[in-house]
Amino acid sequence: MFLGTGKRWIILGVIAGIVVAVVAMVLACVAITMFAANESDDKIDDQNKRLDEYLKRIQLVEQQLNIRGDTEKPEVSEIKPLDAFQISVRDAKPADLALDGNDDTHMYTEKQANPWWCADMQDIYYIKRVIIININLNGEPQTRANYLRVGVTNTRPVVGENLALDAYTLCGYKPGLMGLVGIVNCPDDVSGQYLIVQFGTNNYMNIAEVKIYGYKIKDKL
Ligand SMILES: [Ca+2]
């Protein structure tokens with residue numbers, strides 16, 4: 001087939017255009033795939049960094065508590081309550097899932113005003129520090145943890161009933177979003193059998209772990 005010079009150029013131009021378009025599409029696909037992979041890697045790196053930071057903070061707190069500056073004071077240690085309960089239970093996730101030492105298991109309440117969780121320490125303790133681990137399965141902070149309150153009482157809270165702020169001795173609180181780890185230091189004279197964690201919010205409560213540090217009141221006498 002014989003074509004004029006002008007037509008040959010047009011055909012060559014069209015073919016070149018198609019080739020350029022195909023190459024551009026392939027390059028775009030490769031770039032999108034690489035970007036997606038990098039984004040995923042970045043997210044995992046970011047989560048790992050947060051986890052490392054959180055573990056370091058926990059270790060630091062535990063080291064600080066184990067240093068005995070005053071030998072006359074009883075040694076502070078981690079209290080490991082055998083019993084816990086909460087205002088309500090959602091999805092069969094009871095209160096003791098916040099005491100099992102596993103950050104991948106969470107207690108879970110219904111959505112309600114000022115949800116609370118309580119540990120029965122089965123003796124009266126001076127509480128020095130409480131650490132709430134508020135991590136979800138992606139290594140990120142739960143955003144439902146808001147306006148954290150920690151306190152103690154010798155009166156057992158009733159499951160299903162709201163707990164007024166004046167129903168217990170407030171140890172400390174953290175306004176706003178709690179973040180990955182909530183640390184509350186208690187005044188020297190705060191003691192009780194029941195340790196309460198409550199959120200001043202109208203939402204679900206699902207926290208991974210509660211770590212309680214203190215000493216038995218009779219050790220001080
Ligand atoms: Ca847990």
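Student: In which loop is Asn 114 found?

Tutor: Helices (H or I, at least four residues) and strands (E, at least two) are DSSP runs, numbered from the N terminus. Asn 114 lies in the loop between strand 3 (112-113) and strand 4 (116-133). The model is predicted: local features need pLDDT of at least 70, side-chain atom pairs count only at pLDDT 80 or more, and totals for chains, interfaces and linings use all residues. Numbering starts from 1 along each chain as its sequence is written.

Student: What is the phi of Asn 114?

Tutor: Asn 114 is not a glycine, yet has a positive phi of about 50°. Gln 122, also not a glycine, has a positive phi of about 60°, and its place is in strand 4.

Student: Is Gln 122 buried or exposed?

Tutor: A residue is buried if 20 or more other C-beta atoms lie within 10 Å of its own, exposed if 12 or fewer, and partly exposed in between, with C-beta atoms placed from the backbone. Gln 122 counts as exposed because it has 12 C-beta neighbours inside 10 Å. Asn 114, with 18 such neighbours inside 10 Å, is partly exposed.

Student: Why is Ile 207 buried?

Tutor: Ile 207 is buried because 26 other C-beta atoms lie within 10 Å. Its place is the loop between strand 9 (202-203) and strand 10 (209-216).

Student: With which residues is Ile 207 in contact?

Tutor: Two residues are in contact if their C-beta atoms, placed from the backbone, lie within 7 Å. Leaving aside neighbours within four places in sequence, the contacts of Ile 207 include Ala 98, His 106 and Ile 133. Ile 207 and Ile 133 are 74 residues apart in sequence and 6.6 Å apart in space, C-alpha to C-alpha.
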